[in-house]
Amino acid sequence: MDKDEELISAVGALLSDPRTDPGICVETVGQAARAVGLLEEGLRSGPGVFRLMAEGGQKGAETLSSDRLQVLSEMVQNADDMGASQVRFIWRPEELLIAHDGRGVRLADILLLGLPWLSGKTSDAEATGRFGIGLATLRALATTWEVHCHPFHVRFADLSMQPVEALQVPERLVGPEWTVFRIPLAPGVLPASNLFAWFETWNDSSLLFLRNVREVEAVQDFLDEESTDDETPSVTLRLSWAEIGRQKLSVDGVEAVVRIREARATGGALWRVYDTQVAPRDASTRRHKAVGASMPIAVALPLDGPETGSVHAGLPVTELKVATRVHAQFDPVVSREGFAASRWNEELVPLVADLWAAAALDVLCNGEPSAWHLIPLPSPSDPSPPARLQDSIRAALVDRSRTWLAPRLSLPCSDGTVKSLSELAVEESRLSDVLDDEDIARLAGLPDTFPRPARDGAGRWRDVLTDWRGNGAADLAAEVGVRDALNSLDNTEYDVAQTIRLTAVAIEGRLDFLLRSRPCVITADGRRLQPMAVDVAFAEHQDAGPRGTGPLDALDVVVDLHPAYVRESEWPSRVLDWLGAQGCLVRRDDTAAVLRRIDQMGRAGRRIGGDAGCGIEQLVALQRALGEVSKKVRERLGAGIGQAVLLDGYAYESDGNEQPCRVLPAHAYLPQTLETADGDRFAVAAGKTPGIRWVHRSYARALLSQAECGLSRTGFLRLLGVSDTPRLKEPPPGLATKKYATDSRIGLARDCGPSPSARTSALRRMGAQFTLDDRISPDLDAVVQHIVAEQNSEERRRRTAALLQTLGRPGMITSSEHTKVQVADAYRGWNVHGQTSALWVWRLREVAWLEDTSGNLLPPRQVHLCTRDARALYGQDDPGYLHPAIQEAVANRTDVLAALGTNGNPDIPQLMKRLKELRKRTTTSGPVDDSEAVSQPILERASRTEFLVG
């Protein structure tokens, strides 16, 4: 058989099975051209259906990836599979050359290069390629391309292939044995800036897991000699490798021999790479790829600081939100923009995690004890459960760091010993510059302190230990906290300067609550006092002088501080600023400061005058002082000052008799003599409801007018907390409530005692068990029940109208802030399902307290407003109209009635239904006259709708 017959036979064999060995070595350019011609002839003479299928596959490759330069990645990956150590991209204005120094092109490769979805690598477990579609993605740049590798010089155009002349490339760019791909570029298809910008998204570490490629370069070359002096941008990706050694590390429960190397990037970044071979799981299969007797697993850890992590299948495929790069024989999707959801990939995750944990332990124990950037921390954005491969890997690394790494980690200490984490004391960050190592260890009761060399500058070591401690990893001791250190302040002999410094640390960390019961403030006479002692206010030492006549002087609460509290020093200045912010540091002539101190007295449960209450002179002084300060200041302080005041008041007993009492403003209401609103309000609605406390009427005469002090009597009392509307309160703890430690919201059960059946049913329909931050109003409930029990019908209607007017006040039923609450179920926290009305609103809606025209008491939802449209709908029937006396009195408060569920004007469907019923009736005298009354509102609403639409 001559050479030509051998070629014909070899080409025939390839056309029958592209994966077969053609059994011939093409040596000359002429033989190569003849072989290409035979392949072209064979493809053209083959069945048309197969050609159409191939054409469709080729066209689909154009949009296979969202990255139109995906072919560049494919070229690098293919070069690595071909054993190349160098890959070079050469941009010219009219073409892009891609060259590598790997194994050359053989006859069997030509057919695989030209047709999509044919791969010669499916049986090669080590090679990355598998789909045979990679090179077809270059159709995003051009439909014609060439390959040049002696003796083959071939142009591919769609499914056609033709021999071409050899490509001449300067030896400074391409070696004589290199393989060169040429992609012609139409004008504007790929500007040089786009090419180099794409390479900027890579870095040297992208090459970490390639088997052969050590350098990738992108250069710009001008064929025009006049352009050779132009600046030529270039991008070079290169790694310099150094062998470190080998260790036996546990992977999948087996001691594996792991090779350890270090790779230095051109920018200086240093990576430690751990790679090994492990046996695949017996039942696992790869997609479109052979499974070898062993498979590679590798991780690369950045030693110098945080670097971008990624998941590789040779080259990086997806980002990994960990400062780690990992590699295994993962199954990618065809576009290589992600990974397949496969059992094979799932089973690789724990293997990668095992190797990563062993590698991280090696780095922290034996190389870089401060490399805490390697340890991932959980994030609220982590999907649960993880859906993508990269998320599964991240979750596995977080788990391994807690359950495997933390218990095994030991660090070198200053005394030359190595101690486990459970033996090392850690202080809160606020104490790092306050306590020395010995104090930290002593306070923790442990042998040593976490070594200073193991503490990275970013403080991530502390975040990692916090995460591990919170998850019970390594039996870590609690941090030495400010609370522990502040125990020293109980010692009255403790150094003054150290006392001030520790106090400042607690203040800086917003832990002032730890100081309130500590004698941490030192006075000029050497006393150690608690800063929040309500009977003491402090003055700076330089402010000591003749006593003034301020309100605090009458209480004898101002004392001078120790001379060590000087503004010029950082720590004392911080303490002084805090004392001032707390209202503990005052000037005797500063009215606002005095008021702030009284505010603190009230919030601490101390009262002016004690149980005897506040005399009228003291009340007048407070009213005058509050009138002098700005509205903003007094509104901020009024509630606290009100807690320091007991007022004269009265309440009614069940028999209607009035009894005097002392009452806090926050528990009292304004009597009618002190109400400023016109008409009947809450005092009229409440009448003599037992148990409701009112401030005494005498304050209408004894307190100052607004003209006298800038603050009216009523305004003063309201400022202190006296209310003129029913108070809305949180449900008491015993009322079927629930609370989570990590959530401030309080849940009220749907089946709680006061819950009307309608509320319970509404929550059940919504799949909710609780309402959150609900409100009740015992006073409002009592008033409603008292109105219901009122025997005098005229008085009952007056009180009902007064209560409806009260409910229309700001903050009551027309305000969504107080009427709507969230509903939720309680499965591992609150899971919100929507909104419903607050409990106090439900109770108002369900109690029969609104009177109809017949004198019957009905729930608001059963009552109808008597309107023209309602009369048109119901005709002579009375559906339960609101009593006319009440409706007239609250004509301006239909919004309140609507919020209670009272029926207002019927809607158009109701009116239309009524109209149809009327028109069906017939009498001997013609149609029923009521139809005109019904049709009139329909026409009016229709005309309004038409106007609005127009």
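Five bridges join β12 to strand β13 (residues 315–320), and the two run antiparallel. The model is predicted.

User: In which sense do β12 and β14 pair?

Analyst: Strand β14 (residues 325–328) pairs with β12 in the parallel sense over three bridges. His327 is the bridge partner of His312 in β14.

User: How should I read the side chains of β12, and are they buried or exposed?

Analyst: In a regular strand, side chains alternate between the two faces of the sheet. Here Gly309, Val311 and Ala313 point one way, Ser310 and His312 the other way, and all are buried. Five of the five residues of β12 (residues 309–313) are buried, so the strand is largely enclosed by the rest of the structure.

User: How do I read a salt bridge, and which residue pairs with Asp577?

Analyst: Side chains of opposite charge can pair when their charged atoms come close. Asp577 forms a salt bridge with Arg567, with the closest N and O atoms 2.5 Å apart. Asp577 lies in helix α14 (residues 570–581) and Arg567 in the loop between β22 (558–560) and α14, so the pair ties together parts 10 residues apart in sequence. Asp577 is partly exposed, at 43% relative accessible area, and Arg567 is partly exposed at 32%.

User: Are Arg799 and Glu790 buried or exposed?

Analyst: Both are buried. Arg799 and Glu790 form a salt bridge, the closest N and O atoms being 2.8 Å apart.

Conventions. Residues are numbered from 1 along each chain as its sequence is written. This is a predicted model: local features need pLDDT of at least 70, side-chain atom pairs count only at pLDDT 80 or more; totals for chains, interfaces and linings use all residues. Side-chain values use heavy atoms; hydrogens and water are left out. Buried means under 20% relative accessible area, exposed over 50%, partly exposed in between (1.4 Å probe, protein chains only). Helices (H or I, at least four residues) and strands (E, at least two) are DSSP runs, numbered from the N terminus. Two strands pair if DSSP finds at least two bridges between them. A salt bridge is a side-chain nitrogen of Lys or Arg within 4 Å of a carboxyl oxygen of Asp or Glu.
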